[in-house]
Structures are given as C-alpha cells and as structure tokens.
Amino acid sequence: MTETAELSFVRRYVFSTDHKVIGKQFLFTAMGFFTLGGILALLMRTQLAWPWQEIPVIGKLLFGSGGNILPPETYPALVTMHGTIMIFFFIIPILSGALGNFLIPLMIGAKDMAFPRLNLFSYWVMVPAFIVMLASFFVATGPAAAGWTSYVPLSILKDAIPGSEMGQTLWVLSMMLVGTSSILGAINYITTIVMLRAPGMDMFRLPMTIWALFVTAILATFATPVLTAALILMFLDRTIGTLFFAAGEGQVILWQHLFWFYSHPAVYIMILPAMGVASDIISTFSRKPLFGYKPMVYSIMAIAALGFTVWGHHMFVSGMNPLLGLTFMTSTMLIALPSAIKTFNWLGTLWGGNLQLRAPMLNALAFVSTFVIGGLSGIFSAATPVDIFLHDTYWIVGHIHYVLFGGSLFGVFAGVQYWFPKMFGRMMSDGWGRIHFILTFVTFNLIFLPMFVLGGYGMPRRIADPYVYEMFTNLQGLNQFMTYALYVLALSQFILAGNFFYSLFRGKVAGKNPWKANTLEWTLDSPPPHENFEHIPTVYRGPYEYSSPLVSADWLAQDQYLDGTKPPEVMPAPAVSPAAGD
Amino acid sequence: MGGLVPGLSTIAGPIDQLFMVVLILTGIAFFLVEGILIYFLVRYRYREGRKAKFVHGNRRVEILWTVIPGLMLFGLAVFQYDTWTKAKIDFPSEAVSEVIAVSANQFEWKATYAGEDGKLGTEDDIQAPINVLHFPVGRPIIVELQSTDVLHSFFIPVLRVKQDAVPGRPSRVWFQAIAEGEYELACAELCGLGHYRMRGFVTLESQEKFEAWLEEVAARR
Ligand SMILES: [Cu+2]
Ligand SMILES: [Cu+2]
C-alpha cells in the first residue's frame, strides 16, 4: 500500500500496528528485563555464597550507605523481583509477546493480526506496567518483598516487611496491567488463528509453534482473569481496608488457591510456546517430519486441560484439607504423561534424521534434555509424602529453573536465533552461537543440578543466610561453587548479546530461507514487508514434509504447488486485509 | 532425604523409601531418554546428500509410550496414598499423645506444654523458653500450630515434618521421634526480613528426661 511510506516514524516504529514491529518491541524490552532479572540473581547468589560481606564493584553503587553490604530486608525483595521480572516481564513477553506476535500472522499466511489496534494496545498497556514495577525499586521502603507468590498476610500487613508498604501496592497495580495485556493479546491470537489462516491451512497443518501459542492463548484467557480478580481483592485489602484475605475474618488460604489457579497454568503459558518452538526447530534441523504430529497436538491440549486441575500441589502442607492432597497428587502425576509423550516424539523425530547441529538446534536439544530433568524432578514434589520434606526447599528452586531456564529459556535462545534472520534479514554467527550454547548449557547445569542436593539437605528457599543454621553450614562450599558458575553463565550472555547486536548490522545477509524450512514465513523476504504477503498463499500440505520422496530436495514448502497436488477442499472465505479497517 | 539427612521419626522410613522408589523410576527414565538422545545425535549426525527417513509417526509406539508411562504414573500416585494418610490424615488419639501448642510469630517459636492436668489452655500450662522445643521419644506428639502474624512453616528436617502455621486458622501436625539428639527447626515459609534467622532448637529425649526438663521449666517460672 502506498500510504505505508507516508506513515510517520512514530506510527511505524513506536505506536505501530504492524505485528512484526510489536513483536520486536516485546523482544527488546524483554531482553532489557532479562538483564535486570539476571542482575538480581547475581546479587542473590553472591549473598548466598558470602552472606553479609561487602559486594565488590556494584555493592558501593547499590548499598553504599550500608557499608556496601546487602541489607537484610533487601534479600526478600531480590527474591520477589527476580521471580516477578523473569516470569512476567521476560519469559511470557518474549514467548507470547515477541515470538507470538512476530510469528502468528507469518506462519498462518495472514497480513496481520485480526485486531491490529488491540495488538498495539496490548504492548502499550505493558509500558505503564514496566514503569510502575521499575518505580517500585525507588520508593523509600523498596519494592515488593513477599515473594513472587505474594502470599498473604505478609503482602497485606504493611508493617510485616518494608516491601509491603508502597512497593506491594505498585506490584499489584503493575501485575493488573500485565494481566490486561495478556488477556488482550490472547484474544487477538485466538481470533487470528481461527479466522485468518490462509486457504488450505487446516488446523492440522499448523506448525507446532502456532498450535502451542493457540492453546497458550486459551489458557491465558481462562486463567488470567482469576489472577486479576485476586489482585483486585488484594488491592482493596491494602487500600480501603477490606478483609478478604485477612487472618481470622478473611481467608488466608484463599489467596493461595486463587494465585495458583492462575500460576500453575501460567507455568504452561511459559513452557508450551517453547515446546512448539523446539518441535519446529528439531524437525527442520533433523530434515525429517515431526514424529507424531497429532499426538503432539493432543498432548498440548491435555496439558492445558489437566493444567487447571493440579494447582493444589503447591499447597500440600499449607493447611488445605489433606484429603485434597490425594486428588491433587493424582492429577499432578497424570499431567506428567503428555509431557512424556512429547519427549518421546521429539526423540522419534531425531530417529533416522539427518541432524544439523546448528546453534538453534543445539538450544532446542538443550530444551529437551533439561526439560526432562525439570519434569522428572517434579514427580518427587508431586508425591505428597516426599513433598512434605521437599516443599519450599531448594529442590523446588532447582525444579522450576530446570523447567523455566532449562526449558523456556533454551527454547527462547533457540527461537530467537532461528527466526533472527527473518526478523532482521541477517544471520547470527553460528560459531559464536555454539560457544554461547556450550558455556550456557554447562554452567546452567553446574548451578541448578546442585540445587537438588541442597533440597535433599532441606535447605529452605528464600533465606538470606542459610548458615545461621548449623545443619546447613556444610553447604556453603557448594553454594559458592554454584555462584561461581553463575558468574561464568552471566558473562557468557555477553557473547549472545554481542552476537545479536553485531549481526543486527553486520551479519551475513540471510535471504528468504536460510534454513531451507517449509513454513510460510520463509517464503517471504527477510524481513518481510509491511502486510507480509502481497498475495495470500495457498497451502497444500503440512509444515513438516522434510525429505519427502516427491521432490529431490530435502524440504518441501507448505505453499509449493506440485503437479497432481489436490487444491484445498474447502476454500475458506478470502482473508481480508486486517489493516483495511484502520 | 536420599541419605543426606538422618530420618528420626516413624514416618521418615516410609517417606525416604518412597523417595528412593521415585528416584529409581525417574533415574531409569532419565538415563533412557538422555541415552537415546545422545545415541541419536551421534548415529544420525549430518551427512551431505543423505536423506532422512520420511516417517510421520507410528500408531503402535504412540499407544505403547502413552499407556505404559500412564499406568506407571497412576500407580506411583496410588502407591503414595498410604504414607500420606499416615502422615497427615490419620492422627493418633490425644490420649496416647503428648499434645504441644506451638505458636509462631516474627521471628520466633513459642512452645507451650500441658501442666499437671495434662490439658492445654489451662492455668498450669508450661511456657518453654523462646525457640526451645523438647519432644519425648517413643510416643506420638501432636503439635497444635498457630501463628499470630503472617505465614510461617514448621520444618524439622530430621523428623520429616513440615506444616504451615496459618494466622487465624490453627493447624495440627503429628510425628513420633525414634532417637534422641539435638536438632534444628527451620521456618520454611517466607515471613519477613528475619525469616532466615527464625530458628528453633529441638531436643529429642527420653520420657524421663523430658519430664525432668518440663519440671525445671515450670519451677523457673
Ligand atoms: Cu504447579
Ligand atoms: Cu517464619
């Protein structure tokens, strides 16, 4: 369209309705928050290795007034903000916000999202969320400090911890905005995937990334309002003195039910898209069809459905009726099944493939191998009697990081490096990608595997100085080792950042389809033009016809017409340019 | 757990056994999956000009790797019921147990023992010094937990006991120690800036020593 050129810089790059621009906005902000969340982790682990000692370099900057030493009230704040930022401002925005926005229209053959202006709003409602959350670091009593779970009454009684003054109110406000953004994004994704698929793109021809984002959006639509409702109640308790969650008059444990009713599905909001990404990448670099496409799809659906029945596994020793522990244990054990099925199918995909171990593939394989540990370690915590001991120890910290760092983050590393050429038109260096991968993979395991040992000793999470306890003094050496490993891991991320930003300007020009992949986004220029497809493509087959005997090449694009290929049986209504309404 | 912390209560044995069962089963799954993964990476590494197998799946293996792990997981869940019931649902009768009230607040533990009349909540209750808890060995102990401010969690690793103390909502936990010794009680639920130093000192001792200690505390009052 000619008017595109006339759009001002602001309309094109700031308040843009182009899903690709919005995706990149999510990408860059999420990278910023990844850095911040990482710095918080460095401070925490430094404290755990050498409690109450002067912190070199940044100690003076941050805690100069207190002798460069971390003040005791700061540690709970670090724990809280690390979790909050990594989950709500990094993992969810980069998976659903960045990859979801960028990929959905491209992979289904649409010109944009169904509601481009809603999409614009879903990013810009995050901006005040960012600002409010960041501002909470600068209020006199510090940011929220009741854990990312914000259990009541600690998060409601203002004198219970300094962070429960202004910081917690800002946390609640920010989280409401995050929830709003999630819901808006989710509705848009669902509508787009249902309505705007190109002719021939049946649901069962969608790439797994799209399936995963689709089911994730459904999860978000159902789960997020519950969190928002709970946040409103908490806000009222904190501001006008209602007693919804107050001890005695209110229901202390109700907060935990509402919180986990959202936050357990939220774990799948954080992992399903990464599963989709890994499926696509593993198939592409195995040059082989995805093994068990339909079981893979049904597994995602099963995870989402069962995901709503397991929240009580966070509450086995909370005072919840212990009979419920039996049902929550059973459903939790069963939710391991679809994840196991997915793992077997990834292995099945590798079997008999022709494996190209490029950087995105290595990260996708790291996803599979560490997600296995994340999943299996969850079985211990699902087993209620065993969980009596493991609950709220470092076992859980190890488990969740194997799922969210080992799983989601390696999925992010894989996805960003895989689609980088499509986003920016240039290739990232594969060599530096591999070096980053090896360093991250090794140090990741050196940090998080020992957490299971700490958990085995019963070391509780969220304690600023474990060595107050005689029973944990022998763990300091191990904790120091883990902290050193984190330092190396943190430094390794500069390799990724360097590779990313250097390649942005100097990388090799990518061309349309550098990986010889089948899905529709690779039929477009890199980066794709405004409104993506000049002509909406027709889809003739599924996304994974690698090494098909029909052609001599080892790939076969979804939209490539072959003699004798059946045209799509039912032509869906012609996809309308969504931007036409603007 | 896993041999790292001695298990000194009657429930510790069954819990540690279940841990080992899960460890063995997940260990097998782990080595199987990672082993196959590594084998495939070597066996099917890239060779120029070779074409991968063109297979989309296999119904029979899908059924196999759905049904077998499904039954195992369900069985594993059912296998836990008994121990969970013993640990958290079936409480011993108060008549044969020592009932002790433990109150948690930022950042200390206060234990109250029944006096001569054997009942809590009466005049002659005995208040132990702050953060000091004594439990007789060889008979069931019922702890009535409460909190006066925020959530805390009563965690004695050697006894395999953990239960949240919820303000406004008393909870109970029971255990039976099987060996004497001095151990620690940790708060396992973030409760404020002093959470990390909310430490209790637990003495497991014979009934005689326990009674002597109680008398001494009562006399000091
Ligand atoms: Cu959960
Ligand atoms: Cu406490």
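**Note on a predicted two-chain model**

1. In chain B, the mean position of the 22 positive charges lies 20 Å from that of the 26 negative charges, where Lys and Arg are taken as positive and Asp and Glu as negative, with His and the chain ends not counted, and where each charge is placed at NZ of Lys, CZ of Arg, CG of Asp or CD of Glu. For chain A, the corresponding mean positions, of 28 positive and 27 negative charges, are 8 Å apart.

2. A word on the basis of these values. This is a predicted model, in which local features need pLDDT of at least 70 and side-chain atom pairs count only at pLDDT 80 or more, while totals for chains, interfaces and linings use all residues. Residues are numbered from 1 along each chain as its sequence is written, chains are lettered from A and ligands numbered from 1 in the order in which they are written, and side-chain values use heavy atoms, with hydrogens and water left out.

3. Chain B contains 3 helices and 10 strands, these being DSSP runs numbered from the N terminus (H or I of at least four residues for helices, E of at least two for strands). Along the sequence, the order of these elements is α-α-β-β-β-β-β-β-β-β-β-β-α. Chain B is more spread out than a compact globule, because its radius of gyration is 25 Å, well over the 17 Å that the globule rule gives for 221 residues; the radius is taken over C-alpha atoms, and the rule is 2.2 Å times the number of residues to the power 0.38. The C-alpha trace of chain B spans about 90 × 40 × 30 Å along its principal axes.

4. Chain A, by contrast in its make-up, has 17 helices and 0 strands. Its radius of gyration is 24 Å, close to the 25 Å given by the globule rule for 582 residues, so chain A is as compact as a globular protein of that length. Along the principal axes, the C-alpha atoms of chain A fill a box of roughly 75 × 50 × 50 Å.

5. Of the 582 residues in chain A, 66% are buried, and of the 221 residues in chain B, 50% are buried (buried means under 20% relative accessible area, exposed over 50%, and partly exposed in between, with a 1.4 Å probe and protein chains only). Among contacts with a separation of 6 or more, residues 24 or more positions apart account for 80% in chain A and for 65% in chain B, a contact being heavy atoms within 4.5 Å.

6. Where the chains meet, 77 residues of chain B are in contact with 98 residues of chain A. The two chains bury about 7700 Å² between them, 72% of it on carbon and sulfur atoms; buried area is the accessible area (1.4 Å probe) that two parts lose on being put together, summed over both. On the chain B side, B:Trp84, B:Leu190 and B:Tyr196 lose the most area to chain A, together 11% of what that side buries.

7. A:Leu227, in helix H9 (residues 208-239), is buried at 3% relative accessibility, and, leaving aside neighbours within four places in sequence, A:Leu227 is in contact with A:Met175, A:Phe259 and A:Tyr262. A:Val79, in helix H5 (residues 74-108), is buried with a relative accessible area of 11%, and A:Val79 touches A:Met44 and A:Arg462, not counting residues up to four places away in sequence.
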